[in-house]
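Have a look at it first, then read on.

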Amino acid sequence: MAVLTREAPAGVSAERNARQRRKEVKQWLAVLPYLGPSLFLFAIFVFVPLIRTVVMSTYATTPIGEMTKFVGTKWFARLASSNVYLNSLKVTVRFVLYTVPGVLALSLLLATLGNLRLRGISFFRTAFAITLAVSGATAALIFMFLYHPVIGTFNHLMELIGVGRVPWLTDARYALVSVAIPRIWLQTGFATVVLLAGMQGISDELYEAARIDGAGFWQCWKNITLPLVSPSLFFLLVVVTLNAFQTFTEVNVLTSGGPIDSTQVVVHEIYRSFYFNGQYGLASAQALILFVIILGLTILQFGVVEKRVHYT
Amino acid sequence: MSKHRTKDIIGKIVLYLLLTIAAVIIVFPLYTGFVTSLLSAQNLDTYPPKLLPVDFQWENYAAALKMAPLLRFVFNSFVQSSSVMISQLILASLAAFAFAFLEFRGKQFVFLVFLSTMMIPWEATIIPNYLFVQRIGWDDTYLGLAAPFMATAFGTFLIRQFFLSLPRDLYDAAIIDGCSNLRYLITIAVPLARPALGTLAVYSFLQSYNQYLWPLLITNSTNMRTVQIGIRMLQEFEREAWNEVMAGVIIVMIPTLLLFVFANRQLIRGLTAGALKG
């Protein structure tokens, strides 16, 4: 039999191939009802639109978004020399630089406190995490009140400590910081939860061994907690940075990009370009640039996560 | 010995003090919002601002509800978020089942296709999606609000991970006994995966409820506004009636605060799932 199959393979293997293919088709038909719905929605709302964004970024459009004429790299060239766009990139980077260190430092502090073994600590942990339930829009509205020039609490505090009233949202020098503060407040809750989960995964034995060797709290924190929580910290660094690049809500509610474009972040500029100015090609080009930035950061994150898996 | 004790006690007091200060700072904005929502118009305008609840004017809540159709907004958001949640639970369970239990050619590739949707930011597709939803007449509808978010790669991975932890023998035995795939999924896998499904349910509901940019783009009529857009409108409407605006903010926040109180564990698990994957 073995000889036979080896000697006369053509017909047999063709038949086997056909059988194999029939089996594969059958498998696919069986799988389709399970994967089909998701794949269909991804095609309609993710992949096709992504391609359309790429195409549209090379076309002139009517004010209602119909593509009219191929223009090549015109929009990208215009963006490269557009003060408005370059300003929005600069504002976004500044926003990232305000929020990311703030969130990481604050959440590290809160998680360290929340990781203490004390009675009633779960109450404090809940308090630290409460902003998980708060949306960007409601946070922005609450801070809009806190920033109120006359009856706002912040100006009252500023007067108490002798600084005097600050024109939080109406002065181009302070507006971006004022938009960043509610964002820091919101993200700190999430970041604290992530870091606390990381800290609680650290084995007690490590701390006990260190304490027997005479290490104090600070030494334990510096030499055990911080290094072992660093994967979570890195994850947060990437996620908080990504979120900062995609900021829209707080800006839209608090300043609408003003005063004099001092808070006009990239996504708000995209929104203005297509929703108000009807410049769909230009807006698509901006969206693509943002996509590339975000993709780069995401790949960086996946790369490092991968490495971490290999380590452990 | 007793010196040591006193030192311990002082140390503890200092720690509790630090914890309290930190908690007060974090909760302060919410607290102010709540106190303000109960102030009378008179006390709202006095300087310095009131830090303690001097009034309990619950009428502000009635006034906020009268000023804008807040309950309608809440209803809209519930319809949107529930549709997204239910559809994500179903579609993610189905896809996760295929990835965890079924064999087929190109599985790795399809898995990568799912994965890639997580790397494409929403902003990169929002313009064509906006135009598409408008063209097919779904703007200002619940379908338009929910449809783009009904499939989820994140949820699929979450549930697939859980399915993979179920004993493979259980599946093989059931199939040999003549149980169909769909029946296995519905009667055995899904009930066992309740923790993962709960996490996804809470996470997806919260995400849609708090959404801002998409509903801002595709809802035009007041009747179809979701809470996050509606509450912003309320503020633009009543620029200086901050007590009523804050009452509105609290009303809008109640569902997610309840979710936080009663489904804290699921919520945290969902939000940190990405962090703990590695």
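1. Chain B has a radius of gyration of 24 Å, whereas a compact globule of 278 residues would come in near 19 Å. That radius is taken over C-alpha atoms, and the globule rule is 2.2 Å times the number of residues to the power 0.38. Along its principal axes, the C-alpha trace of chain B spans about 75 × 75 × 35 Å.

2. A word on ground rules: this is a predicted model, in which local features need pLDDT of at least 70 and side-chain atom pairs count only at pLDDT 80 or more, while totals for chains, interfaces and linings use all residues. Residues are numbered from 1 along each chain as its sequence is written, with chains lettered from A and ligands numbered from 1 in the order in which they are written.

3. Chain B has 15 helices and zero strands (DSSP runs numbered from the N terminus: H or I of at least four residues for helices, E of at least two for strands). Of its 278 residues, 46% are buried, meaning 20 or more other C-beta atoms within 10 Å of their own, these atoms being placed from the backbone.

4. Contacts here are C-beta pairs within 7 Å, again placed from the backbone. In chain B, among contacts between residues at least 6 apart in sequence, 76% join residues at least 24 apart. Take B:Phe97: beyond its neighbours within four places in sequence, B:Phe97 contacts A:Tyr34, B:Phe163, B:Leu185 and B:Ala189.

Definitions and conventions
Contact = placed C-beta atoms within 7 Å. Buried ≥ 20, exposed ≤ 12 C-beta atoms within 10 Å, placed from the backbone.
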